[in-house]
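I opened this notebook to record a set of look-ups in one structure. The entries follow the order in which I made them.

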Amino acid sequence: MFSSAAILFVLASFGLAQTTKNLVLTNDDGWAVAQIRAQNDALNAAGYNVVLSCPAVDKSGTGSSTATPTVLKTPCEFNTCPTGSPATGFNASDTRLNYVNAFPVDAARFGIETLAPKFFSGSKPDFVVSGPNVGNNLGSTVLISGTVGAASEAALEGIPSAAFSAATASQVSYTTLTSSPTSADSKATVIYSSLSVQLLNVLLASSTPILPAGISLNVNYPSTSSCTSASAFKFVLTRINSDPGATDVETCGTTHLPTESSVIAKSGCFATVSVFNASTKGDVNAATQGIVLAKLTSILTCSN
Ligand SMILES: *[C@@H]1O[C@H](CO)[C@@H](O)[C@H](O)[C@H]1NC(C)=O
Ligand SMILES: *[C@@H]1O[C@H](CO)[C@@H](O)[C@H](O)[C@H]1NC(C)=O
């Protein structure tokens, strides 16, 4: 107690406490999957103030569906809460871990509107992190992705956001992170989480607005099978949908961004970043792409 109070005092004295960013962490795979807990751990370790708000069960593929949360008719995923549990609930020993028994959009909304004011002294979150998802969300898949749905909801509520999706992953409990720490999936959660922190560190240190209104980012990570450490990965600016007639922001010697699907398929450990319209889930214009390019330029590379 004394030491954390002392640390807070020291941070406050140096004015650093104000720079601590408040994040809502959400997903569509459910509150107890390994990927979201690894991301939660990594964000906390990086100094972020995090509240997790995720569906009670796996709600993959539910896009922007929404409903009023209901009492659990079956247990939460991996038996993490019993049948009959309330519509929204939390881990009694870590109240920042919350489930919402509805869709990803509802989990994001509950995090922004109910949890953030409670945990962030009445403030809105600075950013909503959705995922990493179990499996990539590329091209037309973004339209049905709950991970993208949750990120879109945040952007439409005026909170900047990004969706993250990962190739090397399976739908397993967070307990596997400690029971099988050397499995390929457990190691992948650590790599992907640290990449997300790397991107967020750059984005959240940029000038406000963190992202233009009404847009979000779709970030995809390729397999870790031949990319075995976070330092092996490089971020590339991409577009979601192929559109030879579109003029994109000029970068890497062209005004035609590669599609995220084509870049993920390449060898070279390229993680993709596409800028999308949170209403349509389609690509944005060159000027809006340019704003994100400028913010992320220190970590972006070319895949050609
Ligand atoms: C709840 O939190 C405790 C303490 O961090 C942890 O041991 C336990 O596994 C958590 N359970 C769930 C379902 O999050
Ligand atoms: C998103 O798309 C809608 C519909 O085409 C459009 O009205 C809106 O301006 C777009 N928003 C952004 C930020 O590009």
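Predicted model: local features only at pLDDT ≥ 70, side-chain atom pairs only at ≥ 80, totals over all residues.

The entries below cover a helix and its packing, the nonpolar core, the ligand shells and some backbone details.

Entry 1. I took up local features only where pLDDT is at least 70.

**Entry 2. Helix α4.** I asked how many residues of α4 are buried. I listed the buried ones as Gly146, Thr147, Val148, Gly149, Ala150, Ala151, Ser152, Glu153, Ala154 and Ala155. I then looked up what covers them, and found that the cover includes β1 (22-26), α3 (104-119), β5 (127-134), β6 (161-166) and β7 (215-221). After α4 comes Gly158, which has a positive phi near 90 degrees.

**Entry 3. Packing of α3 on α4.** Two packed helices are described by the angle between their axes and the distance between the axes. For α3 and α4 I recorded axes that come within 8 Å and cross at roughly 35 degrees. The crossing of this pair is right-handed. On the α3 side the contact is made by Pro104, Val105, Ala107, Ala108, Arg109 and Ile112. On the α4 side I found Gly146, Thr147, Gly149, Ala150, Glu153 and Ala154. By class, the residues of this contact divide into 7 nonpolar, 3 polar and 2 charged.

**Entry 4. The nonpolar core.** Which residues touch the most other members of the largest nonpolar core? Among its 77 residues they are Val24 and Val128. The element that gives the most to this core is α3, with 7 residues.

**Entry 5. Ligand shells.** Around ligand 1 I found Ala32, Thr80, Asn91, Ser93, Asp94 and Leu97. This shell divides into 2 nonpolar, 3 polar and 1 charged. Around ligand 2 I found Gly214, Ile215, Asn277, Ser279, Thr280, Val284 and Thr288. The shell of ligand 2 holds 2 nonpolar, 5 polar and no charged residues.

**Entry 6. Cis peptide bonds.** Most residues other than glycine have a negative phi, and most peptide bonds are trans. I therefore wrote down the exceptions to both patterns, here and in the next entry. The bond from Gly131 to Pro132 is cis, with omega near 10 degrees, and Pro132 lies in strand β5. Thr208 and Pro209 are also joined by a cis peptide bond, with omega about -5 degrees. I placed Pro209 in the loop between α6 (184-204) and β7.

Entry 7. Cys269 has a positive phi near 60 degrees and sits in the loop between α7 (260-264) and β9 (270-277). Lys281 likewise has a positive phi, of about 60 degrees, and is placed in the loop between β9 and α8 (286-296). Are these residues buried or partly exposed? Cys269 counts as partly exposed because it has 18 C-beta neighbours inside 10 Å, and 20 or more are needed for a buried residue. Lys281 is buried, because 23 other C-beta atoms lie within 10 Å.

**Entry 8. Thr301.** I located Thr301 in strand β10 (residues 300-301). With 13 other C-beta atoms within 10 Å, Thr301 is partly exposed. Leaving aside neighbours within four places in sequence, Thr301 is in contact with Lys234, Phe235 and Val236. Ser262 is 39 residues from Thr301 along the chain, and I recorded a C-alpha separation of 15 Å for the two.

Notes. Residues numbered from 1 in each chain as written. Chains lettered and ligands numbered in written order. Buried ≥ 20, exposed ≤ 12 C-beta atoms within 10 Å, placed from the backbone. Helix = DSSP H or I, 4+ residues; strand = E, 2+ residues; numbered from the N terminus. Contact = placed C-beta atoms within 7 Å. Core = buried A, V, L, I, M, F, W, Y, C linked by C-beta atoms within 7 Å. Near = placed C-beta within 6 Å. Nonpolar A, V, L, I, M, F, W, Y, C, P; charged D, E, K, R; others polar. Axes fitted to C-alpha atoms, helices over the stretch in contact; angles between N-to-C directions. Left-handed = near helix turned anticlockwise from the far one by under 90°.
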